[in-house]
Amino acid sequence: MNALDFALACPKAELHLHIEGSLEPELAFALAQRNGIDFPFASVEALRAAYNFSDLQSFLDLYYACADVLRTEEDFHDLMLAYLRRAKADNVIHAEIFFDPQTHTARGIPFETVLRGLERGAATAQAQWGMSTRLILCFLRHLPEDECLACLDEAMPFIHRIHGFGLDSSEKGHPPSKFARLFERCRATGLPVVAHAGEEGPPAYIHEALDILKVDRIDHGVRAVEDAALIQRLATQHIALTVCPLSNVRLCIFQKMEQHTLPQLLAAGVRATINSDDPAYFGGYMGDNIRAVQAAFNWNVDTWYTLARNSLEASFVPAEQKTAWIAQLDACRAQA
Ligand code: ADE
Ligand code: ZN
């Protein structure tokens, strides 16, 4: 097996995936029709043609507009099942999935409608394909902290059905420190917490996410290479980064994949993982990310093994489950 075949075939976890970002144009149009919504794009092709982003905000504007077609429990079920079907094809055995309740509750969709739809999709994938999933509630950082605290209040009756908390949306001008109180309350639930940091924002935001929000993982974090002491800290404290290569190129964090900082992160011993972020918008799912990275860096089986192992080790499942999955990964490697 060559390195690319191994990378695609081996069992792995996806730890950075926004379920709303897996809404393919075809499904968006089907849901708009099913819900009787006048969707502001003429065709699937016209919508795809709008996927031409200059930065994070230009993407987020479209991402929030498209989310408007998600109205019913069935819609969230279909969205989840469609993503998990694609992930399974790339041998993702476990996915920790972000959802943005504020995007939906602000439109009058009840929190429980969103949650039940996503859970039902996940249950179908578990029953049909044995896939494991976790749901991570993400707060929108462009909104005031008080609104995020209200969202947490709304989520509390369902806390046993949520597996962690995250922070996403517009990074610049919305540092982690803005959410100190919110994350203190999130951590008090005993669930793990993560935050997007160092995607467009500076390395200082990564320090803040670690020091103030006390996150268990950093989402993106690719700008950490600008701060040598931070890289050292991430490596020695075994802090995982959920890196999203195609996303970073599509949002112009890097002009081309060859400029991506993944090789530096790995060389420094940082626990980096590969993920798809918003696959419907950024040119693909886990497998597409792997192919694009391999085309740029031509890594060997050892490096791909490290990346897959990092993803399983950095997941939020019990240690025994990780051990069992790593044994599966080792068996796959033995055949490579
Ligand atoms: N929401 C969805 N995708 C995101 C990203 N890449 N960064 C910040 N917020 C997001
Ligand atoms: Zn993201």
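Mentor: Gladly! Donors are N, O and S atoms within 2.8 Å of the metal (3.2 Å for Na, K and Ca), and sites may look incomplete because water is not among the atoms. This is a predicted model, where local features need pLDDT of at least 70 and side-chain atom pairs count only at pLDDT 80 or more, while totals for chains, interfaces and linings use all residues. Residues are numbered from 1 along each chain, ligands are numbered from 1 in the order written, and side-chain values use heavy atoms, leaving out hydrogens and water.

Trainee: Which protein donors does the zinc ion (ligand 2) have?

Mentor: They are H16 (NE2), H18 (NE2), H196 (NE2) and D277 (OD), lying 2.0 to 2.3 Å from the zinc ion. Along the sequence, their spacing reads H-x1-H-x177-H-x80-D.

Trainee: Are H16 and H18 buried or exposed?

Mentor: Buried means under 20% relative accessible area, and exposed over 50% (1.4 Å probe, protein chains only). Both H16 and H18 are buried.

Trainee: Which polar side-chain atoms lie by a nitrogen atom of ligand 1?

Mentor: A polar contact is a pair of N or O atoms within 3.5 Å. For a nitrogen atom of ligand 1, E199 has a polar side-chain atom at 2.8 Å, H220 has one at 3.4 Å, and D277 has one at 2.7 Å. D277 is also one of the zinc donors.

How values were computed
Polar contact = N/O pair within 3.5 Å; in protein donor to acceptor, adjacent residues only side chain to side chain.
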